[in-house]
Amino acid sequence: MDNTVFTLLPLMILVGFSLLVLVADMMLAREQRPALGIVALIGVIVSLISCSWLWNAPQTAWSDMIVSDHFALFSYIIFLVSTGLTLLLSMRYLSEEDIQFGEYYALLLLAATGAMLMASGLDLMTIFIGLEILSISVYILAGFARRNERSLESALKYFLLGAFATGFFLYGIAMVYGATGTTNIKVISQVVSEGTIRSQSFLWIGIALLVAGFGFKVALFPFHVWTPDVYEGAPTSVTAFMSTAVKAAGFAAFGRVFLSALQPMHADWTGILWILAVFTMFFGNITAIAQRSVKRMLAYSSIAHAGYMLIAIIAGDANLSSGSLLFYLLGYAFTNVAAFGIVIYLSRKGETEFDGKDYAGLAIRHPWLAFVMAVCMVSLAGIPPTAGFMGKFYIFSAAIKAKFYWLAVLGVINSVISVYYYLRVIFVMYFEKPAADYVHGTLSLGMKIVLILSVIGIFQLGTVPGSVMALLQNSMMVFQ
Amino acid sequence: MINLVWLVPLFPLIGVFINGFWGRKLPRSVIGGLASAMVGLSFIVAVLIFFDLLRQIQADHHHFYHEVHLFTWISAGAFEANIAFLVDPLSTLMMLVVTGVGFLIHVYSIGYMDDEPSLARYFTYLNLFTFAMLLLVLGNNFLLMFVGWEGVGLCSYLLIGFWFEKQSASDAGKKAFIVNRIGDFAFILGVMLTFSTFVNLGDFEGNALNFYDLFQYVIEHPTAIPTWTFSLICLLLFLGATGKSAQIPLYVWLPDAMEGPTPVSALIHAATMVTAGIYMVARCHVFFLNAPDVLAVVAVIGVVTAIFSATIALVQTDIKKVLAYSTVSQLGYMFLGCGVGAFTAGIFHVMTHAFFKALLFMGAGSVIHALHHEQDIRNMGGLKDYMPKTRWTFLIATIAIAGIPPLSGFFSKDEILWYAFSSEFGHWGLWLIGAIAAFMTSFYMFRLYFLTFHGECRVDHHTKAHLHESPSVMTVPLIILAFLAAVGGFVGIPHVFHVPNLLHDFLHPVFAEGTERFMHESHGAASTEFLLMAISVLIALAGLFLAWNFYLKNPKWKEKYESALDGLYTVAYRTLWNKYYVDELYDLVVVKPVRWTSERVLWKFGDGVVIEGIVNGVAKVTVFTGQMFRLAQTGYIQNYAVSIVIGLIIVFSYFMLK
């Protein structure tokens, strides 16, 4: 066994720990089950350590099906950060919702494994397998509150439409294979740039199907339709995971395919992505304004953010694009998990209305919680000195460098629109009187850790972005 | 030690966070002590840095400039924004003044604000102000300086309007903010022009915001940039300085700023913030020396402001107003120094002025505190028996600002006047006006002193019964400052006395390279210098003598003089009392037209009809669209599938049709 097998070490660790969780689940009494979350958390941390171990020796393995370049490893870090934070949120939440089952933690780890496979796949088939591992885990997680109708409904919707999209994606792979005679990303890139394609129209149909497939996963307009219902129906901790890790996985694979395999055809596919990005941003932001529930608002906001992220891919320069994309995704992971964490804390089984008593006057009842939520909203709106600002700054400057001036301008206009509904949350928290009959809850330790880490992350990325951006320089070097 | 310079702004920032977040829960005694301790720690670090720097310069006199790079905030092409500090004699001196005087004022505030309910808010702002001022002074590039520049502007707004329930206070806060905004706008334009000028130079390789890179380039390539570019840059920068340092035409905010708590006036409007403009001009002396016309403008504006506000101060009766106009006048002297190329002298006056003006304000605060917020000197008098410590320290400060040797003000003011006379950029006319203003300074300051502390007590009975000296938390800072105001001048003894001029030697490396192409050591004869010095002293004593007679010894003199001048006196008095009607003029020329335009044209029509129409229209369309989109979210999975298929068809057709 040569040492290329260790290329998959972070994934293997997660799989191992998910099995460990399942075995331990059988031996633990019901009230001891939150401990499984700790086991899963240890798995995440060990996996993170193995990432840093792999960092200095990027390599490919298994006949070029897997690569561990900086792009893949940094994506791992994003997935692991978001998985770790989600685990911390979940332990108390599951008990409160009365769905404390060990499979939850195992599925979360498996979903992260699938996400990693998508980011490191150097072959369309690998990416597809990763996509399936991820998707099936998340279908189950979305319906995990099995006594809750909305949760079940959302799982079923997600599954049916997801199957639909998976079909598109697989057809897309088949078409690309038909056109180029390979599914390997490096080879596709070669064939395309040498112009030895067998059938141009096959390739175009293939690309169109891939766009639809990825568009579904990352929630681009008009493939986003499942997002609001599923995000709202799923247990909130799962929504936090979906909006960060799953979206990041989709974008990692999206970036890998379009910025590497299809990079030589850059001029051909930017047009349609340009249109999708603009529609996605406008749709997400405008509809978010009309929302009254914070959870649903965050769902639409997550659609809008997919639009911003797509701008990075459109810019098309492998280094600049992938660097700004990953930076944005990391900042978004910190911000969104924390925001959903606060939604979890305030929702207490049931709808979370904007003007409801849960958010009004939060600043008086819970100044720290209101502060964290305000930081998250400011970061999502893209106001300095937060991660959200720097992320947008890098993405828009990548667009400007690639001469997509209008796209950058439209992105900025959309940021301005979004300020309206993000600041409304802050307004309600700080300027409205709290309801008199409000009962104080307590924050679990896990939740506290999530909020503290997120605030640190948001400010760290917002004030000292240079150190992280330095890691992302030449992130796609290996396979170019 | 120099590498730890980031600790200096960090301590006040910690204070901001602690008092800002937990202040309301902290016991009152802790809040002020904590805030003061944070600035005190900064001062200790600053002193250690000072000695470290001194040691390094003694070892190798080229070793006077240090940059401490913390991190790069944004880097995009040629634009690189660094969070980095510079430590050189100039910034170290400013740092010492800001933290040292700032510390004393923090301590004093504990006593002065003892009955203030929102104590935590007060000390949070005060610490935030110190932090911003330190950023301004220590930043090694224009951008960081601008952050501090805006920060002190914000804090001054917050502190002037600290008692915002009072209409006049919140108005004064707004006035300061708006007037400063005009200056800030010019300043940032100057910075942008600098950036774009240098970025477009072929052989400029440094960072076009970094002071060192910019100035070194200009020194090495004196002709690379046309003079008119420098003139424009310097004019914009100087306009920024007139806002922050209260010079004509943007001085109007400073006298009104007296609405804030008195320690704030001491800290912001005497010792620190207002010196930002002088510091900036001194920091950019390389630019200014390349724009001799602008330098002349600086000198003229400085000296005109000096005499202009000195005349206003002659007749004011509010103790803080007199001090405010005297501040504007003294700042004029500092600009005069910079304008004639004597940057060291300007900075020297910044330092001594920080001592005696902070002392004057705090002494005035002590009086106001004792008299339960009475500020009119016509209702004071005879306080010397009740408040001996305040009286003696106030007297020392008065002698210092009047320019009577050997107290500190004499040395710094005389150095400025000497350079105004003798430097290549100087002119005897500048000296003359400066000297007349010095006479007025001496007169109005002693008038203030005599009316407040001598003569019969005009305080009402009720207050008089409670008259007492302020607590030692207030008087000890006064005594320390009085000591500094008395001996602070000895660090800058003129060269004619053939003793080392310590301050000059310390600051010399900062200005040496930039100035040597333009200036030579002062070339006036020693006899001339002695003569002028003697005249200065006589002038100051004459002011003292006149004030003493007018307000204490022979009030008849005053009456005689008034009746001799009769009608003219009344007109002059009324003009001065109304501060030359400048506020009214600005109101007529600027505020009213702007109001009219904004109300009739912009608000009623522009905003009311056009903008509101557009905004409301957009908002309505947006909300409507949002609602439509919301309706499209039916929840039926069949509809969703249709949407996805439509999307796919669009993508297909894009590829097929292209």
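**Notebook: salt bridges and the A–B contact**

I searched the whole structure and found 21 salt bridges over all chains (a side-chain nitrogen of Lys or Arg within 4 Å of a carboxyl oxygen of Asp or Glu). This is a predicted model, where local features need pLDDT of at least 70, side-chain atom pairs count only at pLDDT 80 or more, and totals for chains, interfaces and linings use all residues; side-chain values use heavy atoms, without hydrogens and water. Residues are numbered from 1 along each chain as its sequence is written, and chains are lettered from A in the order in which they are written.

**Confidence**

I checked pLDDT, the predictor's confidence in each residue from 0 to 100. Chain B averages 85, and 97% of its residues score at least 70. For the complex the predictor gives an ipTM of 0.81 and a pTM of 0.75.

**Pairs in chain B**

I looked up E150(B) and R181(B): their side chains form a salt bridge at 3.2 Å, N to O. E150(B) is in helix 5 (residues 142–160) and R181(B) in helix 6 (residues 167–199), 31 residues apart. Helices here are DSSP runs (H or I, at least four residues), numbered from the N terminus.

Next I took D184(B) and K244(B), which meet in a salt bridge at 3.6 Å, N to O. This pair links helix 6 to helix 8 (residues 227–244), across 60 residues. Are these two buried or exposed? D184(B) is buried at 2% relative accessibility, and K244(B) is buried at 0%. My cut-offs: buried is under 20% relative accessible area, exposed over 50%, partly exposed in between (1.4 Å probe, protein chains only). By these, E150(B) is partly exposed at 23%, and R181(B) is partly exposed at 29%.

**Between the chains**

How many salt bridges are there between chain A and chain B? I found 0. I then turned to contact, meaning heavy atoms within 4.5 Å. Chain A brings 45 residues to it and chain B 31 residues.

The two chains bury about 3400 Å² between them, 79% of it on carbon and sulfur atoms. Buried area is the accessible area (1.4 Å probe) that two parts lose on being put together, summed over both. W204(A), V225(A) and I272(A) supply 15% of the area chain A buries against chain B, more than any other three residues.

**One serine**

Last, I looked at S536(B) in helix 22 (residues 526–553) of chain B. S536(B) is buried, at 13% relative accessible area. S536(B) touches D414(B) and L417(B), leaving aside residues up to four places away in sequence.

Note on methods
Helices (H or I, at least four residues) and strands (E, at least two) are DSSP runs, numbered from the N terminus.
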